[in-house]
Amino acid sequence: VQLQASGGGLVQAGGSLRLSCAASGRTFSSYARGWFRQAPGKEREFVAAIGWSDTNTYYANAVKGRFAISKDNAKNTIYLQMNSLKPEDTAVYYCAANPRFTYYADDYYYWGQGTLVTVSS
C-alpha cells in the first residue's frame, strides 16, 4: 500500500499550490483521507480531511477559508488546493489514510512520504 504525495514547491506569499495524494495497492473506499503538515522544530499538525464514502470535510482553523480538500474516487486520489498562502504555511505536507476520521496524526495508519511547501515573504 502506497500513498504518493506530490505538488509541493516554492511559492510567494499570496500564491497558490495544489497538492495531490494518489493511493495504490488498495482502495480506501471506506477510509478517511487527510493532510497533515510538519514545520521545522514543530509537531505534525492536522490540516484537512475528507470522508471517502461521504462528502464531509474537516479543516484546521488556521487554513479554513484558504484551503480546500477534494477527492476523485475513480483515481483513488485526494487533492489539497491551497490559496492565499502565508509564510507560516511552510512545512512538509503529508497525506494519510485511516478507517475513521480523527484530528490526531498518531491515529492514522497509512502515510505518504511528504512533499515540501515553502512560502516566501
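Leaving aside neighbours within four places in sequence, which residues is R66 in contact with? The answer is Q81, M82, N83, S84, L85, K86 and D89. The model is predicted. R66 itself sits in the loop between β6 and β7.

## The charged network

R66 is buried, because its relative accessible area of 11% falls under the 20% cut-off. Its side chain makes a polar contact with the side chain of D89 at 2.8 Å. The pair also counts as a salt bridge, with the closest N and O atoms 2.8 Å apart. D89 lies in the loop between β8 and β9, and R66 in the loop between β6 (57-59) and β7 (67-72), so this bridge ties together parts that are 23 residues apart in sequence.

D89 has another partner. It forms a salt bridge with R37, the closest N and O atoms being 2.9 Å apart. This pair links distant parts of the chain: D89 is in the loop between β8 and β9, while R37 belongs to strand β4 (residues 32-38), 52 residues apart. R37 in turn meets E45, side chain to side chain, at 2.6 Å from N to O.

A search of the whole structure finds three salt bridges. They are set out here.

| Salt bridge | N to O distance |
|---|---|
| R37 and E45 | 2.6 Å |
| R66 and D89 | 2.8 Å |
| R37 and D89 | 2.9 Å |

How are R37, E45, R66 and D89 joined? Salt bridges that share partners connect these four residues into one network. In general, side chains of opposite charge can pair when their charged atoms come close.

D89 is buried, with a relative accessible area of 1%. R37 is buried too, at 7%. E45 is partly exposed, because its relative accessible area is 37% and that class runs between 20% and 50%.

## The four-stranded sheet

In what order do the four strands of the open sheet run? The order is β1-β3-β8-β7, and the pairing is antiparallel. β1 (2-6) and β7 stand at the edges with a single partner strand each, so one side of each is left without a neighbour in the sheet. Neighbouring strands of this sheet are turned by 15° against each other on average, direction ignored.

Strand β8 pairs with β7 in the antiparallel sense over six bridges. β8 also pairs with β3, again antiparallel and over six bridges. Specific positions can be read across these strands. In β8, I78 is the bridge partner of C21. K71 stands opposite I78. I69 stands opposite L80 in β8. In a regular strand the side chains alternate between the two faces of the sheet.

β7 and β8 form a hairpin with four residues between them. N76, in the turn, has a positive phi of about 55°.

## T77 in β8

T77 is in strand β8 (residues 77-82). Is T77 buried or exposed? T77 is buried, because its relative accessible area of 7% is under 20%. Its side chain reaches the backbone oxygen of K75 at 2.8 Å.

Leaving aside neighbours within four places in sequence, T77 is in contact with S20, C21, A22, R33, W52, S70, K71 and D72.

## The disulfide

How many disulfides does the count give? The count comes to one. C21 and C95 form this link, with their sulfur atoms 2.1 Å apart. The cysteines come from distant parts of the chain: C21 is in strand β3 (residues 17-24) and C95 in strand β9 (residues 91-98), 74 residues apart.

The link of C21 and C95 is right-handed, with 65° about the S-S bond. Both C21 and C95 are buried. A disulfide is a covalent bond between the sulfur atoms of two cysteines.

## Putting the parts together

Conventions
Residues are numbered from 1 along each chain as its sequence is written. This is a predicted model: local features need pLDDT of at least 70, side-chain atom pairs count only at pLDDT 80 or more; totals for chains, interfaces and linings use all residues. Side-chain values use heavy atoms; hydrogens and water are left out. A disulfide is a pair of cysteine sulfur atoms within 2.5 Å. Helices (H or I, at least four residues) and strands (E, at least two) are DSSP runs, numbered from the N terminus. Buried means under 20% relative accessible area, exposed over 50%, partly exposed in between (1.4 Å probe, protein chains only). A polar contact is a pair of N or O atoms within 3.5 Å; within protein, one must be able to donate a hydrogen and the other to accept it, and residues adjacent in sequence count only if both atoms are side-chain atoms. Contact means heavy atoms within 4.5 Å. Two strands pair if DSSP finds at least two bridges between them. Axes are lines fitted to C-alpha atoms, for helices over the stretch in contact, and angles run from 0 to 180 degrees between N-to-C directions.
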